[in-house]
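This report concerns a protein fold and the packing of its elements. Please look over the sequence and the structure before reading on.

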Amino acid sequence: MKILAILSLFLSLAFSAELRYFMQDENSPKFSQNYGDNGGKFALSDGVKIYYETYGKGDVIVVLHGGGLGSMQEMGGFIDELRKTHKVIAISTRGHARSDIGAKPFSLKQRADDIMAVLNAENVSEPVSLLGFSDGGYAAYSFAVHFKDYAKKLVTIGAGEVLATNKRFVFNQNEWQNYDAKFIAQQKSLMSEPHRYDEFLKMYEDMWNGLVINKEIFTRIQAKTLIINGQNDPNSHLLTAINAYQSIPNASIAIIVDTSHACFLENFDAVWAVVKPFLK
């Protein structure tokens, strides 16, 4: 038992020593430190623990990572820059890493409630800006709809219009492990209930297979919004980003040429060049 305990501690330390994001390799961007397992805090949202980390001082900006294969670490470039001028609140989405799964089905309204729970835990009472990638971008939209008085500015990346289609999302742990087994193992090591990982994937799958995010939602967003999309994004196709831009009353759009879904990991300088002035 003692040997097993020592081995468990060793593995925990090994994983926490260098966090990785999905499909990270030796040529991927590196950040000033680990994000996602760095002595953060927990907020209770409907009885579920939501993990978050805070950095810097100034106006609050909430940073929201992608879903499923997303992690706080992938947003490291933004956190490194934003913490110089803002108070950054980076949240691990429900079911991801240190944030618990809970028992209720996932929804974007739930995402918005989780963000509000974190803001309440930090005693934030003023309107905030939000920067979200993919699933995190849709969470930002949801927050701006359900808590419109608290949403000042939105930056969304890879989060265009989503319409009802015959396509069904299928999230398979074995398939994901074939792409990046180290990332999956590390994420499970951070979870309080790693035995529920397949259940988490099914809950996430069910949410996306029933999701519609269209003009009816976009027209309700009052916050000033910057929509960023990779030119060759296979998930948030260019036309869906343009449709979102045309539907949100106070929106602007930036297309990052020759990039895919995580355009900020491919060309951070180009993305930051439009994000920085927008947030001033």
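The paragraphs below describe the sheet, one of its strands and then the helix packing.

The model is predicted, so that local features need pLDDT of at least 70 and side-chain atom pairs count only at pLDDT 80 or more, whereas totals for chains, interfaces and linings use all residues. Residues are numbered from 1 along each chain as its sequence is written, and side-chain values use heavy atoms, with hydrogens and water left out.

Eight strands form an open sheet in the order β1-β2-β4-β3-β5-β6-β7-β8, and the pairing is mixed; strands are DSSP runs of E with at least two residues, helices are runs of H or I with at least four, and both are numbered from the N terminus. Two strands pair if DSSP finds at least two bridges between them. At the edges lie β1 (41-45) and β8 (251-256), each of which pairs on one side only.

Strand β3 (residues 59-64) has five of its six residues buried, where buried means under 20% relative accessible area with a 1.4 Å probe and protein chains only. The pairings of β3 are as follows.

| Partner of β3 | Sense | Bridges | Bridge pair |
|---|---|---|---|
| β4 (residues 86-91) | parallel | six bridges | V60 with K87 |
| β5 (residues 128-133) | parallel | four bridges | V63 with L131 |

Together with helix α2 (residues 76-82), β3 and β4 make a right-handed β-α-β unit; right-handed means that, with the strands pointing away from the viewer, the path from the first strand over the helix to the second runs clockwise.

Helices α3 (residues 108-121) and α4 (residues 135-146) have axes that come within 8 Å and cross at roughly 75°, the axes being lines fitted to C-alpha atoms over the stretch in contact, with angles from 0 to 180 degrees between N-to-C directions. The contact (heavy atoms within 4.5 Å) involves residues including L108, I115 and L119 of α3 and Y138, A139 and F143 of α4.

Elsewhere, helix α8 (residues 238-247) lies across β7 (224-230) and β8, and runs at about 160° to β8.

How values were computed. Buried < 20%, exposed > 50% of the residue type's maximum accessible area, 1.4 Å probe, protein only.
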